[in-house]
Amino acid sequence: MKALLVVGGIVGIILALAGLVVWWAYAVSVLWLWFVTPFGIQAISLAHAYGLTLVVSGLMSTRGLGLGVKKEKDSWITEICVAVIAPAMLLFFGWIAVGFM
């Protein structure tokens with residue numbers, strides 16, 4: 001029974017991460033559509049948007065491992081909230097900016 005709970009938890013985490021990947025890719029692709037395609041550049045797919053997210057995150061290293069930094073006990077909750085809310089905020093402020101274009 002305990003093994004089933006562990007496997008279920010792992011599957012749940014994988015599904016949640018997959019959902020966050022799609023959410024981030026969607027946000028980036030919409031922002032690209034709003035702000036880059038007016039310059040005559042082709043729209044991008046979710047896969048391209050996710051790839052761009054990986055490249056930019058790697059170059060900016062904003063999502064580093066945080067080695068040597070003490071984290072609070074519940075910092076994983078903060079990380080999940082940021083992963084869910086950040087794309088929504090980007091889309092919201094992007095939507096406002098589109099209103100001024």
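Reader: Leaving aside neighbours within four places in sequence, what is Ser 29 in contact with?

Author: This is a predicted model. In it, Ser 29 contacts Ile 44, Ser 45, Leu 46 and Ala 49, once neighbours within four places in sequence are set aside.

Reader: Where is Ser 29 found?

Author: Ser 29 is found in helix α1.

Reader: Is Ser 29 buried or exposed?

Author: Buried. Its relative accessibility is 12%, and buried means under 20%.

Reader: Switch to Ala 25. Which helix is Ala 25 found in?

Author: Ala 25 is also part of helix α1.

Reader: And what does Ala 25 contact, neighbours within four places aside?

Author: Leu 46, Ala 49 and Tyr 50. Leu 46 and Ala 49 are also among the contacts of Ser 29.

Reader: Buried or exposed, Ala 25?

Author: Ala 25 has 3% relative accessibility, so it counts as buried.

Reader: How many residues separate Ala 25 and Ala 47 along the chain?

Author: They are 22 residues apart along the chain, and their C-alpha atoms are separated by 7.1 Å.

Reader: Now Gln 42. Where is its place?

Author: Gln 42 sits in the loop between α1 and α2, where α2 covers 46-60.

Reader: Is Gln 42 exposed or buried?

Author: Exposed. Its relative accessible area is 67%, and the cut-off for exposed is over 50%.

Reader: What does Gln 42 touch, not counting residues up to four places away?

Author: Trp 32 and Thr 37. Gln 42 and Trp 32 are 10 residues apart in sequence, with 9.3 Å between their C-alpha atoms.

Reader: On to α3. Where does it bend?

Author: At Ile 85, by about 30°. A proline, Pro 87, follows within four residues.

Reader: What span should α3 have, at 1.5 Å a residue?

Author: Its 25 residues should span 36 Å. The end C-alpha atoms are 36 Å apart, so the two values agree.

Reader: Which residues of α3 are buried?

Author: Ser 75, Ala 83, Pro 87, Leu 91 and Gly 94. Their cover includes α1, residues 2-35.

Reader: How does Ile 85 count, at 45% relative accessibility?

Author: Ile 85 counts as partly exposed, because its 45% falls between the 20% and 50% cut-offs.

Reader: Which residues make the nonpolar surface patch?

Author: Ile 85 is one of them.

Notes
Residues numbered from 1 in each chain as written. Predicted model: local features only at pLDDT ≥ 70, side-chain atom pairs only at ≥ 80, totals over all residues. Heavy atoms only, no water. Patch = residues over 30% accessible without salt bridge, like charges linked within 9 Å, V, L, I, M, F, W, Y side chains within 5 Å. Areas by Shrake-Rupley, 256 points an atom, 1.4 Å probe, with all protein chains shown as cover. Salt bridge = Lys/Arg side-chain N within 4 Å of Asp/Glu carboxyl O. Buried < 20%, exposed > 50% of the residue type's maximum accessible area, 1.4 Å probe, protein only. Helix = DSSP H or I, 4+ residues; strand = E, 2+ residues; numbered from the N terminus. Expected span 1.5 Å × (residues − 1). Bend = angle between axes of the 7 residues up to and from the residue. Contact = heavy atoms within 4.5 Å.
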